[in-house]
Amino acid sequence: MNADASREMPDARPHGPTTRSYVAVWGALIVLTATTVAVAGFNLQKIAIIVCLGIAAVKSTLVLFYFMHLRYEHRLIIKLLIPIAIGALAIFIGLTFSDVITR
Amino acid sequence: MNASEDAHAAGRLGIWLFISTEIILFGGLFLLYSMYRLKNPADFHAGSLELNRVLGTLNTVILITSSLCVALAIDSLGKGRTRKSAWFVAATIACAFGFLIVKFFEWTAKFHHGLYPNAKVLLSLPKGENLFFGLYYLMTGLHGVHVIVGIGVLSVMLVRVLRGTITPQNPTYLVNSGLYWHLVDIIWIFLFPLFYLIT
């Protein structure tokens, strides 16, 4: 109902999510937290590591895309920063693992 | 693109650059944790069983809720509802204090059991458990410092919103503080399974 008001103030809310979608994302984060705690309780051992870190990755993507507005970001340089940081991290982790495992 | 939007984007770029460096900082510690875990799986298993999963889950819910509060504070400001925005910032700060209080009880319990670096009880345990608790205190401690800094930053934002120096037309400070606070949440999203859930 405040669509007109927000259009007049482009600085404050540049095409961001609606109030309801923020609450929906919060709900999804809570459900995912409950899921990851439940999965950890099943004693799945090695699979639990993959599932728990996978859920953590999904949760942080939700925070990045919706709470942090990365999905609505229109500046290319800002859009690229996080993939670059994660890519650099993947190289560090990949190289270190390949060294340690093959010793 | 007007000048104001350019200035806003420049500020956003700065905070995202900072967030990138934080990802590398904590990423390095995650890597350290993974390598030690690979070398000492049994000791890390024993260590993680010592942690209180209920308190860890509670703190996860507190931080996720605080993230929602700061997002709603920016949302309210954008709609011109400054008063409501200030309440949401205050709620975020309250959640941050709640997180630290839970953390205080958690650490106090560990200290009582002699599970802190250089304690006699911990030194008598295997080397891997010492590594586990060393990393536990380092990583959750560094995250705790970020929470304390967040309380300071958000308090300044609360005062600024109330004084009217953060307005719907000029929300950059609040937006960027919000981005920092979401980062603190994201770091915990990874710390929680790493220390409390994976056994």
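The legends below accompany close-up views of a predicted model.

**View 1. Chain B as a helical chain.** The secondary structure of chain B consists of seven helices and zero strands, so that reading along the sequence gives the pattern α-α-α-α-α-α-α. Along the principal axes, the C-alpha atoms of this chain fill a box of roughly 60 × 30 × 25 Å. Of its 199 residues, 41% count as buried, and among the contacts in chain B with a separation of 6 or more, 74% are made by residues 24 or more positions apart.

**View 2. Helix α4 of chain B and its surroundings.** This helix covers residues 82–112, which makes 31 residues, and from its first C-alpha to its last it reaches 45 Å, close to the 45 Å expected at 1.5 Å a residue. Its buried residues are S85(B), A86(B), F88(B), V89(B), T92(B), I93(B), C95(B), A96(B) and F99(B), and what covers them includes three helices of chain B, namely α3 (53–78), α6 (127–163) and α7 (172–197). After α4(B) comes G114(B), a residue whose phi is positive, near 70 degrees.

**View 3. Where chain A meets chain B.** Here 39 residues of chain A are in contact with 40 residues of chain B. On the side of chain A that touches chain B, at least two residues each are supplied by α1 (3–8), α2 (19–41), α3 (46–67) and α4 (76–101) of chain A, and α4(A) gives the most, with twelve residues. Sorted by class, this side of chain A has 28 nonpolar, seven polar and four charged residues.

Note on methods
Residues are numbered from 1 along each chain as its sequence is written. Chains are lettered from A and ligands numbered from 1 in the order in which they are written. This is a predicted model: local features need pLDDT of at least 70, side-chain atom pairs count only at pLDDT 80 or more; totals for chains, interfaces and linings use all residues. Helices (H or I, at least four residues) and strands (E, at least two) are DSSP runs, numbered from the N terminus. The expected span of a helix is 1.5 Å times one less than its number of residues. A residue is buried if 20 or more other C-beta atoms lie within 10 Å of its own, exposed if 12 or fewer, and partly exposed in between; C-beta atoms are placed from the backbone. Two residues are in contact if their C-beta atoms, placed from the backbone, lie within 7 Å. Ala, Val, Leu, Ile, Met, Phe, Trp, Tyr, Cys and Pro count as nonpolar, Asp, Glu, Lys and Arg as charged, and the others, Gly among them, as polar.
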